[in-house]
Amino acid sequence: MADLLELAEKIVKNGPHKMESTPRRVRGLFGGKYIFDTTQADYVWEHPYYPYFYIPISCFSKDALHATAPYPSSNKAYYIGRLNSGPSHTDRVIVFRPSSSPLSDLVRIEHSAISWFVEDEHILGSHPKDPYKRIETFPSSRQVRIEWNGVTIAESTQSVFLYETMLRPRYYLNPTSIQDWSLLVESETTSYCPYKGMANYYHLRVNGKERKDAVWYYKYPTSESALVAGRLCFYNEKVDVFVDGVKEE
């Protein structure tokens, strides 16, 4: 809870980095029930990188939201709330009191504590999509070569280049571009991206050395990233990537 109190104090003192309303329908599923269903949510950027949804307190279903500490009688501009729904409960909730602040009467729920839906899309990952970021995917005949520890791992002129706002390009290669599949070892790691979906990983094991989770792929990506389905992407930061013979920095 200490991290929530620290976050609440910081936001009350400094204000959010940015916030704006959204007409999107936002729903929260918790304990088998929707505890809110609203078109009055706000995007709130607690930092410059991506937003969270803050929900008006009036949008919660009856008896879903309660106070824990500091209690509503204290002089804080916020209190820690508790969500109850069926057998489930969580205290990863900040409730902002009525005030002149733009955060007045808004509720911040830890994104991983409940299941979020925007319109009818289940949002994966640790935050909602940023409305000012986008994904673009393009088939490319440029030569991409992947090397690590002195060995060429993959080479292709039939890749898909993925461009994501403010991030470096990523190159998704066909599985047939792998020179030796014995160099890839399945990992148990998974991750979730709101723009691309759930990723699975491989380690690289070359000449007695291992680079953990150096390769990822999406079995079932979101519609906006459909072109990368089943393709392999190598962490530019963990291997040597050459595009048209030029090594990336």
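This is a predicted model: local features need pLDDT of at least 70, side-chain atom pairs count only at pLDDT 80 or more; totals for chains, interfaces and linings use all residues.
Figure 1. The buried residues of H1 are Leu4, Leu7, Ala8 and Ile11; because they cover an arc of only 100° around the axis, they lie on the same side of H1. An α-helix has 3.6 residues a turn, so residues three or four places apart point the same way. On the other side of H1, the exposed residues are Ala2, Glu6, Lys10, Lys13 and Asn14. The helix comprises the 13 residues 2-14, which at 1.5 Å a residue should span 18 Å, and this agrees with the 18 Å that separates its end C-alpha atoms. Just after H1, Gly15 takes a positive phi of about 80°.

Figure 2. Strand E7 (residues 78-85) and strand E8 (residues 88-96) run antiparallel and are joined by seven bridges, and Ile80 has Ile94 in E8 as its bridge partner. Two residues lie between the strands in the hairpin of E7 and E8, where Gly86 takes a positive phi near 60°. E8 is also joined to strand E9 (residues 106-109) by three bridges, again in an antiparallel arrangement, with Val93 standing opposite Ile109 in E9.

Figure 3. The largest nonpolar core has 23 residues, of which Phe36, Phe53, Ile55, Phe60, Leu83, Ile109 and Trp116 touch the most other members. At least two residues of this core come from each of the strands E2 (26-30), E3 (33-38), E4 (42-45), E5 (52-56), E7, E8, E9 and E10 (115-118). When residues up to four places away in sequence are not counted, Phe60 touches Ile35, Phe36, Ile55, Leu65, Leu83, Val107 and Ile109. A second, separate core consists of 22 residues, among them Leu173, Ile178, Leu184 and Tyr217.

Figure 4. Arg145 is found in strand E13, which covers residues 144-148. With a relative accessible area of 18%, Arg145 counts as buried, because buried means under 20%. The side chain of Arg145 is joined to that of Glu147 by a polar contact of 2.8 Å. Leaving aside neighbours within four places in sequence, Arg145 is in contact with Thr152, Ala154 and Glu155, as well as with Asp240, Val241 and Phe242.

Technical notes. Residues are numbered from 1 along each chain as its sequence is written. Side-chain values use heavy atoms; hydrogens and water are left out. Two strands pair if DSSP finds at least two bridges between them. Helices (H or I, at least four residues) and strands (E, at least two) are DSSP runs, numbered from the N terminus. A nonpolar core is a set of buried Ala, Val, Leu, Ile, Met, Phe, Trp, Tyr and Cys residues joined through side-chain atoms within 4.5 Å. Buried means under 20% relative accessible area, exposed over 50%, partly exposed in between (1.4 Å probe, protein chains only). Contact means heavy atoms within 4.5 Å. The expected span of a helix is 1.5 Å times one less than its number of residues. The arc is that of the directions from the helix axis to the C-beta atoms. A polar contact is a pair of N or O atoms within 3.5 Å; within protein, one must be able to donate a hydrogen and the other to accept it, and residues adjacent in sequence count only if both atoms are side-chain atoms.
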